[in-house]
Amino acid sequence: MAQHLLHGTLHATIYEVDELHTGGLRSGFFGKILANVEETIGVGKGETQLYATIDLQRARVGRTRKIKDEAKNPKWYESFHIYCAHLASDIIFTVKDDNPIGATLIGRAYVPVDQVIHGEEVDQWVEILDNDKNPIHGGSKIHIKLQYFGVEADRNWNQGIKSAKFPGVPYTFFSQRKGCKVSLYQDAHIPDNFVPRIPLAGGKNYEPQRCWEDIFDAINNAQHMIYITGWSVYTEISLVRDSRRPKAGGDMTVGELLKKKASEGVRVLILVWDDRTSVDVLKKDGLMATHDEETENFFRGSDVHCILCPRNPDDGGSIVQSLQVSAMFTHHQKIVVVDSEMPNQGGGSQMRRIVSFVGGIDLCDGRYDTPFHSLFRTLDTVHHDDFHQPNFTGAAITKGGPREPWHDIHSRLEGPIAWDVLYNFEQRWSKQGGKDILVKLRELSDIIITPSPVMFQEDHDVWNVQLFRSIDGGAAAGFPESPEAAAEAGLVSGKDNIIDRSIQDAYIHAIRRAKDFIYIENQYFLGSSFAWAADGITPEDINALHLIPKELSLKIVSKIEKGEKFRVYVVVPMWPEGLPESASVQAILDWQKRTMEMMYKDIVQALRAQGSEDDPRNYLTFFCLGNREVKKEGEYEPAERPDADSSYMRAQEARRFMIYVHTKMMIVDDEYIIIGSANINQRSMDGARDSEIAMGGYQPHHLSHRQPARGQIHGFRMSLWYEHLGMLDETFLDPSSVECIEKVNRISEKYWDLYSSESLEHDLPGHLLRYPIGVDSEGGVTEFPGFKFFPDANACILGTKSDYLPPILTT
């Protein structure tokens, strides 16, 4: 049967199965094995646990909860709001019986896509078939309802944000908040006078903010509460390191500062991921330690409450899966929530408000950096006691640089949105924090003001902001129990857990709204595996099903078909942190290559259909960041040397290394921005894997409706481009122009040549490097001429498929 592209939203309801004849379900040899397993481990004895799933071709897009002991007539009555970007001939409903070691197939029902593609509602009983497509015993049927809405029917498609009335992303747990203030941060610190003049609307200029200084001030000035969650929190680092901008107490370590505040009576609560496994296979690949146990030990016996929390799955899932989740997935949210003085109140007011920080930067070692991203020149100053280089075996400050520079993005949120971040912390603490010692805000209502705007809607600097998460009921308390209530709260019902997957929804919405260009910086870029070529893999076994890469390529394709301009710029690290030749890093690079190739093939196909021979890199282009420094007099001289002919030695002699891109950010049309902890991979976008948090926001007075947006988001992007390119140019004002993308591609190629060349005469003039891949005439991703391996390393740029690491670990 012909496949159709379903690109839009599918509303689906699974009601019930009329009558199942499941007598044979647990009989025979398998039934005996199952009974033995159930007897041995004492769970699930003899009971049926029926659930249903929805697939678009081979991509799982929905599943019901399990119905216990309704073997004959299971009734789910669950509705699904499914974003789709899939080629499919059938929508497939599968009924299964869950058990402790997996699930038993009962049968599948098929609805041809032909029936829904034109938008008609389909409400029918569909026959359930076995693997040979014959009706199952008893001729059972499943009652379903379907209605499909293509993207063109969405009034926001290609429209951007038309006015301040834009309601935010629908079907989410947190609604959009108005009257907010947002500060955007590039890197942990920016020195004075780094950014040149970047004009904004209303005669203003862009003013950069300083992340770790602001976090230090926020913690130092808190009087009632300091709540922190992190993948890692390291007590031995200091937040203030710029000798030209000293602060009283700024030399204190994070651990000392938090102990001091707790001893003053401030309630200090910290949730740090409990790195249980320390999965050996990943550890040997050079993934950095999180210091979780050191942090817990440091605060033991103090007034600081520090809890190590594993990534507990919700109660659902088989035993195998539960082991998977706590061992393989992480708590990845990076937030700080404090009470803060009211602005412009002088010293007299006792009133306080809530301020929150959300983004990509953990309060741990290796994170402090500035836009200069030096490799060697800070080794005797700010990085002497914070030398971070996990990409070489045995790297140490005593052997010298290059250190691994760190590029990251964070935000500060004020106004009603800050309370949503607080509520997220309270939900997580209530689930995994143990004692109920959260500050009772109602008792402080005469001191801490209730959620209220911090800016008037008429103020041209005001923001509308929405909070998004990837999390489930295993990590957050207070999720509704019933699927109906969950759906109303913008949550997704899993087989036995309730999932918040709104970060992925936010990305999908923003991409679909986009008019002119998208700029992404992310630590990972892989997904939409349902659309990958079956080249040495079975795509349906990979399960990196989030839609973001496919949405991007479909957006570009739709613009090519209409003859409209549209550009996507993506900045990723050269490779994911760790030994670049290791199996896990190579596997991730292989997934990344497959993702890029899927997108480029879509684009080339669309161009050829229009009779165009245009370069697909004028529509979608990938970069990485790197630095190279000539040796200066008076530089730090290490006492030892790296091993001869090691990657470490070669990089030291060539005076170069990648700048690690750890950011998780997307800018759309200079009017909308997403910043958070979530990577563009399945771990971050799934909801039931790593826990994540992100903000999405815009300034209603600075929309790209009639003229280009020139608010804070535009200034922030220009400041980032100045950091990466070492220059500003008129063409950068319009990233959607062919002149801009060609210029940025040209500069990044020149910088790659300088980075990778044998000789070095000057510092690299900028950090933005062409990602070293080629794209052939069919859209295939190939080796960049002369570069099978990354400079100084014996690691394939295109990655290598792993035969022993399960995809769930590396996607």
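These entries record what I looked up in a predicted model.

**Ground rules.** The model is predicted, so I took local features only at pLDDT of at least 70 and side-chain atom pairs only at pLDDT 80 or more, while totals for chains, interfaces and linings use all residues. Residues are numbered from 1 along each chain as its sequence is written, and side-chain values use heavy atoms, without hydrogens and water.

**Helix α7.** I began with α7, residues 416-432. Helices here are DSSP runs of H or I with at least four residues, strands are runs of E with at least two, and both are numbered from the N terminus. α7 has 17 residues and reaches 25 Å from its first C-alpha to its last, close to the expected 24 Å. The expected span is 1.5 Å times one less than the number of residues. I then checked burial: 14 of the 17 residues are buried, so α7 is largely enclosed by the rest of the structure. Buried means under 20% relative accessible area, exposed over 50%, and partly exposed in between (1.4 Å probe, protein chains only). Just after α7, Gly-434 has a positive phi of about 85°.

**Helix α10.** α10 is mostly covered, with 13 of its 15 residues buried. Gly-563 follows α10 and has a positive phi, near 75°.

**Loop between β15 and β16.** I looked between β15 (352-359) and β16 (406-407), where Pro-402 lies. A cis peptide bond joins Gly-401 and Pro-402, with omega about 5°. His-373 lies in the loop between β15 and β16 too. Its phi is near 45°, a positive value in a residue other than glycine. His-373 counts as buried because its relative accessibility is 0%.

Asn-543 sits in the loop between β21 (517-522) and α10. I noted a positive phi of about 60°, although Asn-543 is not a glycine. Asn-543 counts as partly exposed because its relative accessibility is 33%.

**Negative patch.** I found a negative surface patch formed by Glu-236, Asp-251, Glu-256, Glu-293 and Glu-294. Patch residues have over 30% relative accessible area and no salt bridge; like charges are joined within 9 Å, and nonpolar side chains (Val, Leu, Ile, Met, Phe, Trp, Tyr) within 5 Å. A salt bridge is a side-chain nitrogen of Lys or Arg within 4 Å of a carboxyl oxygen of Asp or Glu. I placed Glu-294 in helix α5, residues 292-299. Glu-294 is partly exposed, at 44% relative accessible area.

Technical notes. Areas by Shrake-Rupley, 256 points an atom, 1.4 Å probe, with all protein chains shown as cover. Lys, Arg positive; Asp, Glu negative; His and termini not counted. Charge placed at Lys NZ, Arg CZ, Asp CG, Glu CD.
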